[in-house]
Amino acid sequence: MALTLYVDTARWRAHQKSVIDQFPGLIPVCKGNGYGFGHERLAEEVNRFGADMLAVGTTYEAARMKDWFGGDLLVLTPFRRGEEPVPLPDRVIRSVSSVDGVHALVGARVVIECMSSMKRHGIGEHELGQLHAAIEDVRLEGFALHLPLDRTDGSDAVEEVIGWMDRLRAARLPLHTMFVSHLRAEELARLQQQFPQTRFRARIGTRLWLGDHEATEYRGAVLDVTRVTKGDRFGYRQQRVASDGWLVVVAGGTSHGVGLEAPKAMHGVMPRAKGVARAGLATVNRNLSPFVWAGKQRWFAEPPHMQVSILFVPADAQEPQVGDELVAHLRHTTTQYDRLVDR
């Protein structure tokens, strides 16, 4: 009995191909929990479709992935002096976001990150003049721009990249390769047409692995079902049941990521109102679970346990049976499954 990730493999791979076809030279990204699939599984997929480079989040991820992927590994987290040294092969490329970092990586393969409108990390325009001496001692693979997902100010992503291309060119820095994130296929094509001597390589994770929501589905197996009547006490805290129904124990708890949700940016009146309503219900121990039974998301009877959740199903719904599986609406990047089933 498990929390299972079911994958419609043919559909999932057809989506991968559609993304790869739109972005020539694409660099797949595998970081964190492997977008819900796990690092080893994504390495298998990357080997299958034959990418020459794979981007990972950290040096620790690179140390694991080097045994599963034989091509170049690009570490996205920028190098910092004083970081813990991790033994890595020469095919690992380090991202660098400071002149000091470039100076510290003598002989290494590096990608220099430029400061984008994300304002997260990167070389500033005022530092470009200092790069000439620094890059003489490294093997420069190219420059990179990590762009925002939303542009509420109406700005143009292509224009932002062009601005940096012009700055780099004016500083007489090599422009053979530019690594970019969060561009649409047509935007990438515009850039490639305008700068034919530069190779633009898109680093893509979410769109590649999770772009087709219908290709994957989480399900939690029902482990136990107990009939309860209004007023019965239950659970760790011995709360009372509010009405007749069933307590349903289902696979999937905090160790799987159930009940642990990353905060979301809310836009508009309705999403904000719903957020306020959910927060109000939580103060009286009413929390909606991600599990669906008989067409409705069901309430947690109490906060999820480590490996299971206890749900309340009211008496007017069909009684779940041990062995049934409940669809679970879970976020891939915060979920750890017990098993993955290709179908």
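Visitor: What makes S1 and strand S10 (residues 216-228) a pair, and which way do they run?

Guide: Two strands pair if DSSP finds at least two bridges between them, and here 5 bridges join S1 to S10, which run antiparallel. Thr 4 stands opposite Arg 219 in S10. This is a predicted model, in which local features need pLDDT of at least 70 and side-chain atom pairs count only at pLDDT 80 or more, while totals for chains, interfaces and linings use all residues. Residues are numbered from 1 along each chain as its sequence is written, and side-chain values use heavy atoms, with hydrogens and water left out.

Visitor: How do you know that S1 and strand S18 (residues 339-342) pair, and in which sense?

Guide: The two are joined over 4 bridges in the parallel sense, and Leu 5 has Leu 340 as its bridge partner in S18.

Visitor: Why is strand S1 (residues 3-7) called largely enclosed?

Guide: Buried means under 20% relative accessible area (1.4 Å probe, protein chains only), with exposed over 50% and partly exposed in between. In S1, 5 of the 5 residues are buried, so the strand is largely enclosed by the rest of the structure. Leu 3, Leu 5 and Val 7 point one way and Thr 4 and Tyr 6 the other way, and all are buried.

Visitor: What makes residues in the lining of the second largest pocket nonpolar, polar or charged, and how many fall in each class?

Guide: Ala, Val, Leu, Ile, Met, Phe, Trp, Tyr, Cys and Pro count as nonpolar, Asp, Glu, Lys and Arg as charged, and the others, Gly among them, as polar. By these classes the lining has 13 nonpolar, 12 polar and 9 charged residues.
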